[in-house]
Amino acid sequence: MKTIFTFFISCLLFAGMIQAQPTPYRWTMTGGSDAADFGEGICTDDQGNAYVTGFVRGAASIFGTDHTPAGTTNYMFLAKLSPNKELLWYVTAEASGSTGASGFKTTYKNGYVYLLGDFRGDAVFHSTDLTTTPMASEYRANFIARYSDTGVLDWIRKFETSHTGGLVTTGSANNLVADSQGNVYFTTQFRTDINMAGTVLEPTTGGTNFYALVVKLDALGAYQWHWNSVNAGDDRGEAIGLAPNGNVVFVTRFNSAITI
C-alpha cells in the first residue's frame with residue numbers, strides 16, 4: 001500500500017532547551033491507498049486533538065483503519081486524532097463527478113470543526129445530498145461544513161457559479177476561520193457570479209476574470225456579507241485571520257491592478 005499523507009506531532013521536552021538542539025521526535029501516523037491521495041488541511045483543538053482533511057481514492061487505510069468507498073472517484077475524509085496517537089473517528093463524503101470530493105482546510109472553534117472543500121456531480125455527506133446545478137459531473141462546486149467534535153455533521157452549505165468552468169479553485173485558493181460566536185469567514189475566487197447557499201453574489205465589474213472573495217456566514221451557515229476585488233486581471237483570496245478586536249484580515253493575490 002502506498003503511503004502518501006503523513007501526520008506528526010513534535011514537542012519540546014524541556015522549555016529551557018537551547019535553539020541548537022534538535023526537536024525531540026514523538027510519533028508519526030500514516031495512511032493512504034494505491035491511487036491518488038492528498039492530505040490538505042490540519043488544525044488542533046484546546047485538548048491537543050488534531051483534525052485532518054484531504055482525499056483518497058479507492059480502498060484505503062485512513063490512519064490505520066481500512067475503508068472501502070462505494071464509488072471509484074476521489075472521496076473526502078475528515079479524521080480526528082488524539083495526542084496519544086489514536087484515531088478517534090473519521091468521516092467521508094463521496095461525489096459522482098470525475099474528481100469526486102475533497103477537503104481543503106479545517107479550523108476548530110468552541111466544540112466544532114469547520115471544513116472547506118469541493119465536489120463535482122452529486123455528493124453525499126452523511127444523510128445530506130448535494131447536487132451541482134449546471135454541467136453535471138464536470139462542474140465543480142465548493143462547500144463549507146460544520147461538524148461537532150464527535151464527528152456529527154451539523155450543517156453544510158454549497159457555493160457555485162454559473163460560469164461554464166465552475167469554481168476552478170484549489171486548496172491554496174481557499175481558507176477559513178471561525179470566531180467565538182460561530183461565525184465563519186472564508187476566502188476563495190470566482191468569476192461571472194457565485195451562488196452562496198441561495199444568495200447570488202455578482203462582481204462589481206463585468207468580464208471573465210477571477211475575483212478575490214471574502215465572505216462571512218453566521219453560526220447557522222447563512223450569508224451575512226461579502227467583499228470582492230475590482231480588477232484588471234485574475235485575483236484570488238489566499239489567507240484570512242481574525243484580529244483580537246474582531247477585524248477581519250486577509251491576503252489577496254492580484255494580477256495587473258486591484259482596487260480596494
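User: Thanks! What does the secondary structure of the chain come to?

Analyst: The chain has 0 helices and 24 strands. Among contacts between residues at least 6 apart in sequence, 54% join residues at least 24 apart.

User: Where does pLDDT stay under 50?

Analyst: The general idea is that where pLDDT is low, the predicted coordinates should not be read in detail. In this chain, that applies to residues 1–17, where pLDDT stays under 50. The model has 54 contacts beyond four places in sequence for that stretch. Over the chain, pLDDT averages 79, and 78% of the residues score at least 70.

User: Now the sheets. What is the order of the strands in the open sheet of 4 strands?

Analyst: In general, strands of a sheet pair through backbone hydrogen bonds, either parallel or antiparallel. This sheet runs in the order β15-β16-β19-β20, and its pairing is antiparallel. At the edges stand β15 (175–178) and β20 (223–228), each with a single partner strand, so one side of each has no neighbour in the sheet. On average, neighbouring strands here are turned by 20 degrees against each other, direction ignored.

User: How many bridges join β15 to β16?

Analyst: There are 4 bridges between β15 and β16 (residues 184–190), and the two strands run antiparallel. You can find two of the pairings yourself: A178 has V184 as its bridge partner, and V177 stands opposite Y185. The hairpin of these strands has 5 residues between them, and G182 in it takes a positive phi near 90 degrees. Then look across to β19 (residues 211–217), which 7 bridges join to β16, again antiparallel. There, V215 is the bridge partner of F186.

User: Which residues lie on each side of β16?

Analyst: In a regular strand the side chains alternate between the two faces of the sheet. For β16, one side holds V184, F186, T188 and F190, while Y185, T187 and Q189 are on the other. Both faces are covered, as all of these residues are buried. Since 7 of the 7 residues of β16 are buried, the strand is largely enclosed by the rest of the structure.

User: What is the order of the open sheet that 6 strands form?

Analyst: That one reads β9-β10-β13-β14-β17-β18, with antiparallel pairing. Its edges are β9 and β18 (199–201); each has a single partner strand, so one side of each is left without a neighbour in the sheet. Neighbouring strands of this sheet are also turned by 20 degrees on average, direction ignored. At the β18 end, 3 bridges join β17 (residues 194–196) to β18, and M196 has T199 as its bridge partner.

User: Which residues have the most contacts inside the largest nonpolar core?

Analyst: In soluble globular proteins, nonpolar side chains tend to be buried together. The largest nonpolar core here has 21 residues, and those with the most contacts inside it are Y51, M76, L78, F119, F125, F143 and Y147. The elements giving two or more residues to this core are β7, β8, β9, β10, β11 (122–125), β13 (140–148) and β14 (153–160). Apart from it lies another core, of 18 residues, including L116, W155, L176 and F186.

User: And the loops: where is K85 found?

Analyst: K85 is in the loop between β7 (74–81) and β8 (87–95). Most residues other than glycine have a negative phi. K85 is not a glycine, yet its phi is positive, about 65 degrees. N110, in the loop between β9 (101–109) and β10 (112–120), also has a positive phi, near 50 degrees.

User: Is Q47 buried or exposed?

Analyst: Q47 counts as exposed because its relative accessibility is 59%, and exposed means over 50%. K85, at 44%, therefore counts as partly exposed. Q47 sits in the loop between β3 (38–44) and β4 (50–57). Its C-alpha atom is separated by 8.5 Å from that of S82, 35 residues apart along the chain.

Conventions
Residues are numbered from 1 along each chain as its sequence is written. This is a predicted model: local features need pLDDT of at least 70, side-chain atom pairs count only at pLDDT 80 or more; totals for chains, interfaces and linings use all residues. Side-chain values use heavy atoms; hydrogens and water are left out. Buried means under 20% relative accessible area, exposed over 50%, partly exposed in between (1.4 Å probe, protein chains only). A nonpolar core is a set of buried Ala, Val, Leu, Ile, Met, Phe, Trp, Tyr and Cys residues joined through side-chain atoms within 4.5 Å. Two strands pair if DSSP finds at least two bridges between them. Axes are lines fitted to C-alpha atoms, for helices over the stretch in contact, and angles run from 0 to 180 degrees between N-to-C directions. pLDDT is the predictor's confidence in each residue, from 0 to 100. Contact means heavy atoms within 4.5 Å.
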